[in-house]
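Colleague: I have a model open and would like to learn how to read it. Where do we start?

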Amino acid sequence: MKAETKNILPVYRRSSFMKPAFLYNRSLRRGAFILLFVVLSVFAGSLLTPHDILGMDPVNRLSAPNGSHWFGTDNVGRDVFSRVMYGVRLSLIIGFFVTAISAALGLAVGLIVTYSKALDHILMRICDGLFAIPSILLAIALMAALGQKPINVIIALILVFFPSIARVVRSQAMMIKEKVFIESLRAQGANAFRIIFLHIAPNVMSPLIVQVTHVFAASILIEASLSFLGAGIPEPLPSLGNLMYDGKLAIYNAWWMTVFPGVFIVLIVLGLNLFGDGLRDYLDPKSKKLNGLEKAK
Amino acid sequence: MGNYILKRLLSLIPVLAIVMFVVFIIIHITPGDPATIVLGEGASPEQIKDLRIKMGLDAPIYLQFVSWAGNLFQGDFGDSYFLGKPVLNAFLENLGPTVSLAILAQIIGVVLAIVFGIIAAKNKGKFKDETIIGVSLLGISIPSFLLGSLLILIFAVKIQLFPVSGYQPLSSGIWGHLKYLILPAITLGMIQAAIITRMTRSSLIDTLSENFIKTAKAKGLKQNSIILKHALRVSFLPVLTVIGESFGGLVTGAAVTEALFNIPGLGQLIISAVSRRDYAVIQGSILLITITYVLLNLLVDLLYAVIDPRVRNSYRS
């Protein structure tokens with residue numbers, strides 16, 4: 001009679017054959033889903049907008065959500081729905097440019113300082129100084145200095161955020177620089193430029209990308225706060241923060257002026273945070289993921 | 001240990017110098033001449049020129065910086081022409097409400113965070129945990145003015161439990177003082193709680209997987225006892241760091257919440273100064289706030305060294 005042998009070795013199987021590995025991460029999926037939802041709804045919303053974002057209609061002011069004004073009207077009769085859609089687009093565009101440019105700037109600064117002690121001292125001191133000033137205050141001060149135009153919001157936020165990216169890049173680059181393979185590259189005769197851009201740069205991408213998603217989320221929040229304080233996007237251009245400011249003034253009578261822009265801000269930032277968390281878990285080499293392989297129970 | 005403190009204090013100097021520089025540059029590239037703003041459009045050029053000399057604006061830029069910096073070291077942050085008093089005084093007057101708000105908010109945040117962090121870690125993976133993670137994520141995604149607006153809508157407009165906005169100083173009685181601060185403190189406190197809960201939860205989860213916890217379980221200690229008496233103390237270190245760092249952000253970031261609830265704190269001071277081009281106040285307050293922030297971070301680091309013997313001993317050579 002054959003003795004029954006228990007299979008004591010764990011059996012690994014790939015749970016879904018052709019699925020890209022990053023879709024396994026729940027946070028990533030949900031974050032991406034929320035973001036996609038926001039982008040698509042804004043796309044759709046802008047196509048369906050029957051009303052002018054600046055068109056005032058005092059007769060219908062402060063009316064609750066109804067058939068022709070899906071999100072109601074504000075205190076001068078403007079259609080809140082179209083304004084919210086525009087505001088979301090504006091915030092996303094500003095967030096995108098701020099993030100992209102400060103990422104590029106931060107990456108450049110972070111990489112360059114690994115190779116020059118002098119530049120390291122100067123540039124990192126500047127970054128430390130900028131970093132020490134609390135973001136909102138620095139943004140307010142910069143907006144006061146540059147003048148209230150949308151382009152200046154982008155410039156101000158870039159100055160606020162690039163130091164944090166530069167720091168992350170620098171600390172990762174410093175670590176990589178000490179590794180043996182860099183030394184061997186130098187022995188083979190590679191010049192500094194080549195080493196920095198072809199070898200160190202790809203290895204700083206992981207923490208950089210995670211930091212970049214945080215910066216995107218933060219830039220949306222800070223832009224909204226700036227506009228809420230009246231120091232950001234100038235009236236009457238609708239930004240999510242401006243809309244909340246208008247909503248605050250009419251909060252007794254018109255909850256829709258506050259709730260709808262607010263919901264969109266939360267969705268965007270939530271989506272970005274989820275995506276960032278998921279990305280961090282996915283890219284973290286220390287986590288116990290099995291890269292798509294799951295133990296058969 | 002004293003050596004460590006000294007070295008840290010010294011490293012602050014270049015940072016503060018850069019901050020002074022940055023603040024000065026920012027303010028001075030701002031368009032708009034303060035003298036013209038004060039006197040109004042109808043003023044004659046001589047009047048403007050006289051006022052400029054009186055305000056010290058005629059001197060070359062680097063001399064203005066040097067004299068400003070020099071005054072700084074003597075504790076003179078300049079006088080606000082608009083407010084008619086020294087900047088330092090204006091700052092100290094507006095400091096009270098902001099600090100009250102920040103302390104109240106942080107207490108609420110820490111208490112909520114510890115409670116929910118423990119619940120989340122105990123029920124890791126289950127529904128309670130998932131809910132807490134979800135709500136924390138929501139908490140860090142919501143801007144403070146939105147949460148504040150919603151709380152105002154619910155608690156001050158619909159159910160008229162608390163006042164919508166305004167402030168009463170401590171001297172007018174503790175209950176009145178608290179009444180006006182509760183809604184803003186809950187607003188900020190909930191956001192703080194979200195930040196701290198995430199750290200508490202993850203730190204506690206890491207600690208609970210350590211060997212000494214297994215020993216405690218093997219000895220037969222009840223789970224609550226293990227968590228409260230052993231695991232919590234160990235996992236508290238990173239939580240403390242987060243508490244310290246977020247407190248600095250709280251004091252400074254309360255600006256927006258103060259604007260919403262109409263609290264005469266530092267945030268309002270700076271915002272009104274910016275719209276009036278009150279150079280002295282802007283420079284002085286940003287500088288003072290940054291100094292406070294930097295010193296707070298230093299304090300947290302030192303506290304870390306006091307609490308964790310490992311950090312203390314690594315500086316013992």
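Modeller: With confidence. pLDDT is the predictor's confidence in each residue, from 0 to 100. This is a predicted model, and chain A averages a pLDDT of 80. In chain A, 86% of the residues score at least 70.

Colleague: Which stretch of chain A has pLDDT below 50?

Modeller: Where pLDDT is low, the predicted coordinates should not be read in detail. Here that applies to residues 288-297 of chain A, with pLDDT below 50. The model still gives this stretch twelve contacts beyond near neighbours in sequence.

Colleague: Now helix packing. How do I describe α7(A) against α9(A)?

Modeller: Two packed helices are described by the angle between their axes and the distance between the axes. For α7(A) and α9(A), the angle is about 170 degrees and the axes are 9 Å apart. Angles over 145 degrees count as roughly antiparallel, so α7(A) is roughly antiparallel to α9(A). Their crossing is left-handed.

Colleague: Which residues of α7(A) and α9(A) meet?

Modeller: From α7(A), they include I209(A), V210(A), F216(A) and L221(A). From α9(A), they include I268(A), L272(A), F275(A) and R280(A). By class, this contact has 14 nonpolar, five polar and one charged residues.

Colleague: And at what angle do α7(A) and α8(A) cross?

Modeller: At roughly 40 degrees, with axes that come within 7 Å. Angles under 35 degrees would count as roughly parallel. The two helices, α7(A) and α8(A), are therefore oblique to each other. This crossing is right-handed.

Colleague: Which residues make that contact between α7(A) and α8(A)?

Modeller: α7(A) uses E223(A), A224(A), S225(A), L226(A), S227(A) and F228(A). α8(A) answers with L240(A), G241(A), N242(A), M244(A) and Y245(A). They divide into six nonpolar, four polar and one charged.

Colleague: On to the interface. How many residues of chain A and chain B are in contact?

Modeller: 36 residues of chain A are in contact with 38 of chain B. On chain A, α3, α4, α7, α8 and α9 each supply at least two residues of that side. α9(A) gives the most, with eight residues. The side of chain A that touches chain B has 26 nonpolar, seven polar and three charged residues.

Colleague: What does chain B contain in helices and strands?

Modeller: Chain B has 13 helices and two strands. Of its 317 residues, 37% count as buried.

Colleague: What share of chain B contacts join residues at least 24 apart in sequence?

Modeller: Take the contacts between residues at least 6 apart; 71% of them join residues at least 24 apart.

Note on methods
Residues are numbered from 1 along each chain as its sequence is written. Chains are lettered from A and ligands numbered from 1 in the order in which they are written. This is a predicted model: local features need pLDDT of at least 70, side-chain atom pairs count only at pLDDT 80 or more; totals for chains, interfaces and linings use all residues. Two residues are in contact if their C-beta atoms, placed from the backbone, lie within 7 Å. Helices (H or I, at least four residues) and strands (E, at least two) are DSSP runs, numbered from the N terminus. Ala, Val, Leu, Ile, Met, Phe, Trp, Tyr, Cys and Pro count as nonpolar, Asp, Glu, Lys and Arg as charged, and the others, Gly among them, as polar. Axes are lines fitted to C-alpha atoms, for helices over the stretch in contact, and angles run from 0 to 180 degrees between N-to-C directions. Angles under 35 degrees count as roughly parallel, over 145 as roughly antiparallel, 65 to 115 as roughly perpendicular and the rest as oblique. A crossing is left-handed if the near helix is turned anticlockwise from the far one by less than a right angle, and right-handed if clockwise. A residue is buried if 20 or more other C-beta atoms lie within 10 Å of its own, exposed if 12 or fewer, and partly exposed in between; C-beta atoms are placed from the backbone.
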